[in-house]
Amino acid sequence: MLTTYTVENGVLSLRDGVQDVQALRRAVWIDLLQPTLEEERAVQDALNLEIPTREEMQEIESSSRLYREGDALVTTASFLFGADTNDFGSTPISFVLTGQNLVTVRYATPRAFPVFAARCQKGPILLSSPDAAMLHLIEQIVDRLADILERIGADMDRASQATFRNARGIPAAGKRDRDLKDALITLGQVGEVTSRASETLLGLSRILTFLTAEKSVAIRKENQGTIKTLVRDLRSLTEHANFLSNRATFLLDALLGMTNVEQTAIIKTFTVVSVALMPPTLIASIYGMNFQHMPELEWVLGYPWALLLMVATAVLPVWYFKRKGWL
């Protein structure tokens, strides 16, 4: 889908679909969402530039993601999307910036894009120039990442409370197992989302560094201060994302450690029971043999004696383990 955002006399005009050459050239922002070949060719012919293909956007080497093509700057980064649902992931998005137009190419919709589009309808000043539009869009993405990291921190707090509360053995065993399982799932999702958010922050940092190096081409002087602000915000968010990642690793290790302790306690119980039952089993096996010459078979108290001996040999190991502090 092709959507153009054109500002004329302070009024924003939105149009969808393939348009004529002049309409495309007047557009400040051209958003291509899962574009067709016809839409790609229309934009390329109108703006006289090459739009990265989906295969080119997925390449990870820096020279394929950050480069200059004539007067246009082409930047690509992986962006987190679907963080509010379990169906989240990363998608490459390309920004093609010229002196007259901003073209975005994407195959998924991070929440920041529709939010920014709605903001543009209320305040067309955000689209005062192509570079301003790009920087304000990146600013919206950064704000969205900040919200995601805040929510992740809250989820991690709940997982931490559940983890250490269960370590004290307050809930019932069944509830404790369910809470630990939920905490493990939460920490796994937190780690994955944090990792993808860090990838997005890294990509944005590279884009801003590239724009700063090429500022004479497409970045106007009045927008250079915005880049500096974004760089500071990205640096602080990157540090916070690293903190959350380290904390998630710590909580995951703690959770797995507590699980191992519980499993060890269970195995120890089975071991003690097995050791305690070995002597009685041996005695029962001996007196269960059917040999003719067994003097105990003629004893009047033979049966009580065998039972007493089995009980004594079962109690003695348990008493010894308790005395050693192994139970």
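This dialogue works through selected features of one predicted model.

Student: On what basis are the features of this structure reported?

Tutor: The model is predicted, with local features requiring pLDDT of at least 70 and side-chain atom pairs counting only at pLDDT 80 or more, while totals for chains, interfaces and linings use all residues. Residues are numbered from 1 along each chain as its sequence is written, and side-chain values use heavy atoms, with hydrogens and water left out.

Student: How many aromatic pairs are there, and by what rule?

Tutor: Rings of Phe, Tyr and Trp (its six-membered ring) pair if their centres lie within 6.5 Å; planes under 30 degrees apart are stacked, over 60 edge-to-face, and the rest tilted. The count here is three aromatic pairs. One of them joins Tyr5 and Trp29, which are stacked at 4.4 Å centre to centre with 15 degrees between the planes. This pair links distant parts of the chain, since Tyr5 belongs to strand β1 (residues 2-8) and Trp29 to strand β3 (residues 29-33), 24 residues apart. Helices (H or I, at least four residues) and strands (E, at least two) are DSSP runs, numbered from the N terminus. Ring pairs also link Tyr5, Trp29 and Phe116 into a cluster.

Student: Is Tyr5 buried or exposed?

Tutor: Buried means under 20% relative accessible area, exposed over 50%, and partly exposed in between (1.4 Å probe, protein chains only). Tyr5 counts as buried because its relative accessibility is 6%. Trp29 is likewise buried, with a relative accessible area of 1%.

Student: How many salt bridges does a search of the whole structure find?

Tutor: A salt bridge is a side-chain nitrogen of Lys or Arg within 4 Å of a carboxyl oxygen of Asp or Glu. The search finds six salt bridges. Among them is the bridge between Arg26 and Glu8, whose closest N and O atoms are 3.1 Å apart. Distant parts of the chain are linked by this pair: Arg26 is in helix α1 (residues 21-26) and Glu8 in strand β1, 18 residues apart. Arg26 is partly exposed at 44% relative accessibility, and Glu8 is partly exposed at 41%.

Student: Which salt bridge does Asp31 form, and where do its partners lie?

Tutor: Asp31 meets Arg106 in a salt bridge of 2.6 Å, N to O. Asp31 lies in strand β3 and Arg106 in strand β7 (residues 102-106), so the pair ties together parts that are 75 residues apart in sequence. Both Asp31 and Arg106 are buried.

Student: What does the salt bridge of Asp131 and Arg220 tie together?

Tutor: The side chains of Asp131 and Arg220 meet at 2.7 Å, N to O. Because Asp131 lies in helix α6 (residues 130-167) and Arg220 in the loop between α8 (215-218) and α9, the pair ties together parts that are 89 residues apart in sequence. Asp131 is buried, with a relative accessible area of 0%, whereas Arg220 is partly exposed at 30%.

Student: How far from Arg220 is Leu234?

Tutor: The C-alpha atoms of Leu234 and Arg220 are separated by 21 Å, the two residues being 14 apart along the chain. Leu234 is placed in helix α9 (residues 224-287) and is buried, at 1% relative accessibility.

Student: Which residues form surface patches?

Tutor: Patches are made of residues with over 30% relative accessible area and no salt bridge; like charges are joined within 9 Å, and nonpolar side chains (Val, Leu, Ile, Met, Phe, Trp, Tyr) within 5 Å. Accessible areas come from the Shrake-Rupley method with a 1.4 Å probe, and for residues only the protein chains shown count as cover. Lys and Arg count as positive and Asp and Glu as negative, with His and the chain ends not counted; the place of a charge is NZ of Lys, CZ of Arg, CG of Asp or CD of Glu.

Glu50, Glu55, Glu56, Glu59 and Glu61 form a negative patch. Glu61 is found in the loop between α3 (54-57) and α4 (62-65) and is partly exposed at 39% relative accessibility. Val311, Val315, Leu316, Trp319 and Tyr320 make a nonpolar patch of about 520 Å². Val315 lies in helix α10 (residues 302-324) and is partly exposed at 48%.

Student: What is the phi of Asn48, and where is this residue placed?

Tutor: Asn48 has a positive phi of about 60 degrees although it is not a glycine. Asn48 is in the loop between α2 and α3 and is exposed, with a relative accessible area of 72%. Gln34, also not a glycine, has a positive phi of about 45 degrees and lies in the loop between β3 and α2 (37-47).
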